[in-house]
Amino acid sequence: MKRALPVVALSIVGLISVWRYQPSLGPAESTAAPATTPSASASVGSPGASSRVVQGTTVTTEKGPVQVQATFEGDRITAVKMLRQPNHPQTQAAVPKLVAQTLEVQSADVDTVTGATITSDAYKESLQAAIDAKGA
């Protein structure tokens, strides 16, 4: 009887560890373009065009780095591209939703996507850095 309690307790701890295990799905990140200096900006388009491409800072998360590039025409955000993002199914499903919301609300004040909270928060932080750099 004295051995039963420790055996049951250790079995429960072992089962919880197995249930909480999350296997890796491959490389920690996917990179669409080489990393450059954060908040770097460049003009695109024809001479005199008001389009401007600005990169946000790279935000390091436990899932992997996140970096956003935003295209502005005047004060409007016309496109958002993920330069760096974690290679994770929830992230890949969340990115189109985050971009669509950004284009709709024209700010970094977008709703967090359920199941991709870490990536959503990093996306908002990087996008806000791009918006701030655009004004500089």
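Student: Which residue in β5 does Ser51 stand opposite?

Tutor: In this predicted model, Ser51 stands opposite Glu73 in β5.

Student: What makes β3 and strand β5 a pair?

Tutor: Two strands pair if at least two bridges are found between them. Strand β3 (residues 51–55) and strand β5 (residues 65–73) are joined over 5 bridges, in the antiparallel sense. The cut-off is at least two bridges, and therefore β3 and β5, with 5 bridges, count as paired.

Student: How many residues of strand β3 are buried?

Tutor: Of the 5 residues of β3, 4 are buried, and the strand is mostly covered.

Student: Why is Thr102 called buried?

Tutor: A residue is buried when its relative accessible area is under 20%. The relative accessibility of Thr102 is 0%, so Thr102 counts as buried. Its place is in helix α2 (residues 89–105).

Student: What makes the link between the side chains of Thr102 and Tyr123 a polar contact?

Tutor: Such a contact needs a pair of N or O atoms within 3.5 Å, one able to donate a hydrogen and the other to accept it. The side chains of Thr102 and Tyr123 are joined at 2.7 Å, and that value lies within the cut-off of 3.5 Å. Leaving aside neighbours within four places in sequence, the residues in contact with Thr102 include Tyr123, Ile77, Val80 and Leu127.

Student: Why is Ala133 called buried, although its relative accessible area is 15%?

Tutor: The cut-off for buried is under 20%. Ala133 has 15%, and therefore Ala133 is buried. Ala133 lies in helix α3 (residues 117–135). The C-alpha atoms of Ala133 and Gln55 are separated by 8.2 Å, while these residues are 78 residues apart along the chain.

Student: Why is Leu15 called partly exposed?

Tutor: Partly exposed stands between buried, under 20%, and exposed, over 50%. Leu15 has a relative accessible area of 46%, so Leu15 is partly exposed. This residue is found in helix α1 (residues 4–20).

Student: How many helices and strands does the protein have, and in what order do they run?

Tutor: There are 3 helices and 6 strands, in the order α-β-β-β-β-β-β-α-α from the N terminus on. Of the 136 residues, 32% count as buried.

Note on methods. Residues are numbered from 1 along each chain as its sequence is written. This is a predicted model: local features need pLDDT of at least 70, side-chain atom pairs count only at pLDDT 80 or more; totals for chains, interfaces and linings use all residues. Side-chain values use heavy atoms; hydrogens and water are left out. Helices (H or I, at least four residues) and strands (E, at least two) are DSSP runs, numbered from the N terminus. Buried means under 20% relative accessible area, exposed over 50%, partly exposed in between (1.4 Å probe, protein chains only). Contact means heavy atoms within 4.5 Å.
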